[in-house]
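Q: I've got a new model open and I'd like to learn how to read it. Can we go through some features together?

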Amino acid sequence: MFLSPLLQFYITNNLPILPSESVQGVLPLNITSNRNFQNPAAKRVPIMAKETEIQTNYSYMRRNFSISSTNDDSTAFSDCNSDRSGEFTTTSSQSRRLLLSCTTENSDDLILHLVSGLESSSIDDQKQAAMEIRLLAKNNPENRLKIARAGAIRPLISLLSSSDLQLQEYGVTAILNLSLCDENKEALALPEAITPLVKALKIGTSTARENAACALFRLSQSDENKSTIGRSGAIPLLVNLLVTGNIRGKKDASTALYSLCSMKENKIRAVQAGIMKPLVELMADFESNMVDKAAFVMSILVSTAEARTAMVEEGGIPVLVEIVEVGSQRQKEIAVVILLQVCDESVVYRNMVAREGAIPPLVALSQAGTNRAKQKAETLIELLRRPRSGNAAHSEDLSD
């Protein structure tokens, strides 16, 4: 009979096995590994804004517009707060209950036992140890510190280069959960960790690619790490995940790209990797659940001339004008911000935007949008009506 390292640990150390009833209050036993553990009574708002809309009809030049006043306090991006890979397939229900119950008692000894399992010569033992470390680190900040201090980071990093894709996935997922602790980021933000994370982003399972993107996002909080990750070749792979990934993969890729592309050198890398085409396509698809995220990534890219040129070449202007006309309140606002940046230094682009019929929906937005959207819309309207005037007076309006 197969015994997991957890059960072996309890048996070897003569520790009491608690009945399931005594640990049910620790965590739900049927964990489905949402990225964020949540109280069932506190339902999490989806990534796309859960909005309460008040419809206002507005007429301009015989065209009718519907303006939504939105109560929206959600964020545009995935939080990447912990892994959401599937439940363990080899861990018994009893083993899982024991693991959950030991998060406060005997955890130090158990963590040391599991860390030693990471360096086992048996791949099965390594997988089991990595899975159980992942679960211990998933929802417990104290355990994340304990696991790192027990020396788990280096053996977990070594798993990222494994030819066994399942073992690699478990290693990536455990690294992601450890990266949620700020104290662990310095130890994780090393070339020997970033390089194999990028490799997992290239050849890993779909779950490994998603969690690698999240881990890279977590490690990209400093400019030094942004530069290191950009030089490592992560940007083209994140763009590929944005194109080929499922909805989770697209969200994770856009979150990481938004963070990384705050640096100019990474913006150029993203444009060279062809990011504008998928961004425009996602923004044009209102059913994609990615309009906001794609628009936010585009907004940070178009501060560079290369990105503005690529956006126009990919047909971005008609898409942005359509968003101003029919998008949600947040979508309208970010679309106007992008158009303002695009038009500020180019008479040609201003004329293109005006020819797309942007002025009527901009007027409607200037009457019934958020304060920021109204201000941006008014500035853009003025710019479009004086397409050959100087731009100095408008440069200050481009900042957030």
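Q: Is Pro360 buried or exposed?
A: Buried means under 20% relative accessible area, exposed over 50%, and partly exposed in between, using a 1.4 Å probe and protein chains only. Pro360 has a relative accessible area of 9%, so this proline is buried. Keep in mind that this is a predicted model, where local features need pLDDT of at least 70, side-chain atom pairs count only at pLDDT 80 or more, and totals for chains, interfaces and linings use all residues. Residues are numbered from 1 along each chain as its sequence is written, and side-chain values use heavy atoms, leaving out hydrogens and water.

Q: Which helix holds Pro360?
A: Helices are DSSP runs (H or I, at least four residues), numbered from the N terminus. Pro360 sits in helix α21, residues 359–368. Its C-alpha is 9.8 Å from that of Val324, 36 residues apart along the chain.

Q: How many aromatic pairs are there?
A: Rings of Phe, Tyr and Trp (its six-membered ring) pair if their centres lie within 6.5 Å; planes under 30 degrees apart are stacked, over 60 edge-to-face, and the rest tilted. That rule gives one aromatic pair here. Tyr258 and Phe296 have ring centres 6.4 Å apart and planes at 80 degrees, so they're edge-to-face. The pair links distant parts of the chain, with Tyr258 in helix α13 and Phe296 in helix α16 (residues 291–301), 38 residues apart. Tyr258 is partly exposed, at 31% relative accessibility.

Q: Which residues have the most contacts inside the largest nonpolar core?
A: A nonpolar core is a set of buried Ala, Val, Leu, Ile, Met, Phe, Trp, Tyr and Cys residues joined through side-chain atoms within 4.5 Å. The largest one has 103 residues, and Met298 and Leu301 have the most contacts inside it. Helix α19 (residues 329–343) gives the most to this core, with nine residues.

Q: What does Leu301 touch?
A: Contact means heavy atoms within 4.5 Å. Not counting residues up to four places away in sequence, Leu301 touches Cys261, Lys267, Ala270, Ile275, Met276, Leu279 and Ala307. The backbone oxygen of Leu301 also lies 3.1 Å from a polar atom of the Thr304 side chain.

Q: Where is Thr304 found?
A: Thr304 is in the loop between α16 and α17 (305–313). With 5% relative accessibility, Thr304 counts as buried. Leaving aside neighbours within four places in sequence, Thr304 is in contact with Lys264, Lys267 and Ile268.

Key. Helix = DSSP H or I, 4+ residues; strand = E, 2+ residues; numbered from the N terminus. Polar contact = N/O pair within 3.5 Å; in protein donor to acceptor, adjacent residues only side chain to side chain.
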